[in-house]
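Q: Could you take me through this protein model one step at a time? I am new to reading structures.

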Amino acid sequence: RPNKAQVVFEVKLPRVEETDQLIEQAGIETLEYNTRWGNYRLRLVKGDVEKKKDTIRNLIKMAYDYRNG
């Protein structure tokens, strides 16, 4: 969900401590976890996609595996 200064990135994963730590260690700003839909809501600002692309790619892969696993 793009805005002028940020993108709100939502990834559908169950809330577990390992995922929380992965996001925290990468320094990605987290918004409120959506318990109704099971989505992590992350705020990405300019430069975050390039700097933290490995973590973002890992989160996308985890969501894909969760959905298809």
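A: Let us begin with a term: two residues are in contact when they have heavy atoms within 4.5 Å of each other. Please also keep in mind that this is a predicted model.

Q: Which residues is D20 in contact with, leaving aside its neighbours within four places in sequence?

A: D20 is in contact with R15 and Y40, once neighbours within four places in sequence are set aside. D20 has its place in helix α1.

Q: How far is D20 from V7?

A: Their C-alpha atoms are separated by 19 Å, and the two residues are 13 residues apart along the chain.

Q: Let us step back. How many helices and strands are there?

A: The protein has three helices and three strands. Along the sequence they follow the pattern β-α-β-β-α-α.

Q: In what order do the strands sit in the sheet?

A: The order is β1-β3-β2, in an open sheet with antiparallel pairing. The edge strands are β1, residues 6-12, and β2, residues 29-30, each of which pairs on one side only.

Q: What about helix α3, where does it pack?

A: Helix α3, residues 53-68, packs on the sheet and touches β1 and β3. The direction of α3 makes about 30° with that of β1.

Q: How many bridges join β1 to β3?

A: Seven bridges join β1 to β3, which spans residues 39-45, and the two strands run antiparallel. As one example, V11 has Y40 in β3 as its bridge partner.

Q: Next, V8. Is it buried or exposed?

A: V8, which lies in strand β1, is buried, because its relative accessible area of 10% falls under the 20% limit. The C-alpha atoms of V8 and R41 are separated by 6.5 Å, although these residues are 33 residues apart along the chain.

Q: Which residues have the most contacts inside the largest nonpolar core?

A: They are F9, V11, L13, I23, I28, Y40 and L42, in a core of 13 residues. At least two residues of this core come from each of β1, α1 (17-26), β3 and α3.

Q: Why would nonpolar side chains be together?

A: In soluble globular proteins, nonpolar side chains tend to be buried together.

Q: What does I28 touch, not counting residues up to four places away in sequence?

A: I28 touches I23, L42, R43, L44, K52, T55 and I56 on that count.

Q: T55 is on that list. Where is T55 found?

A: T55 is found in helix α3. T55 is buried, with a relative accessible area of 15%. Apart from neighbours within four places in sequence, T55 is in contact with L22, A26 and I28.

Q: How much of the protein counts as buried?

A: Of the 69 residues, 30% count as buried. The protein exposes about 5,300 Å², of which carbon and sulfur atoms supply 48%.

Q: What share of the contacts with a separation of 6 or more comes from residues 24 or more positions apart?

A: Such residues account for 63% of those contacts.

Notes
Residues are numbered from 1 along each chain as its sequence is written. This is a predicted model: local features need pLDDT of at least 70, side-chain atom pairs count only at pLDDT 80 or more; totals for chains, interfaces and linings use all residues. Side-chain values use heavy atoms; hydrogens and water are left out. Two strands pair if DSSP finds at least two bridges between them. Helices (H or I, at least four residues) and strands (E, at least two) are DSSP runs, numbered from the N terminus. Axes are lines fitted to C-alpha atoms, for helices over the stretch in contact, and angles run from 0 to 180 degrees between N-to-C directions. Buried means under 20% relative accessible area, exposed over 50%, partly exposed in between (1.4 Å probe, protein chains only). Accessible areas come from the Shrake-Rupley method with a 1.4 Å probe; for residues, only the protein chains shown count as cover. A nonpolar core is a set of buried Ala, Val, Leu, Ile, Met, Phe, Trp, Tyr and Cys residues joined through side-chain atoms within 4.5 Å.
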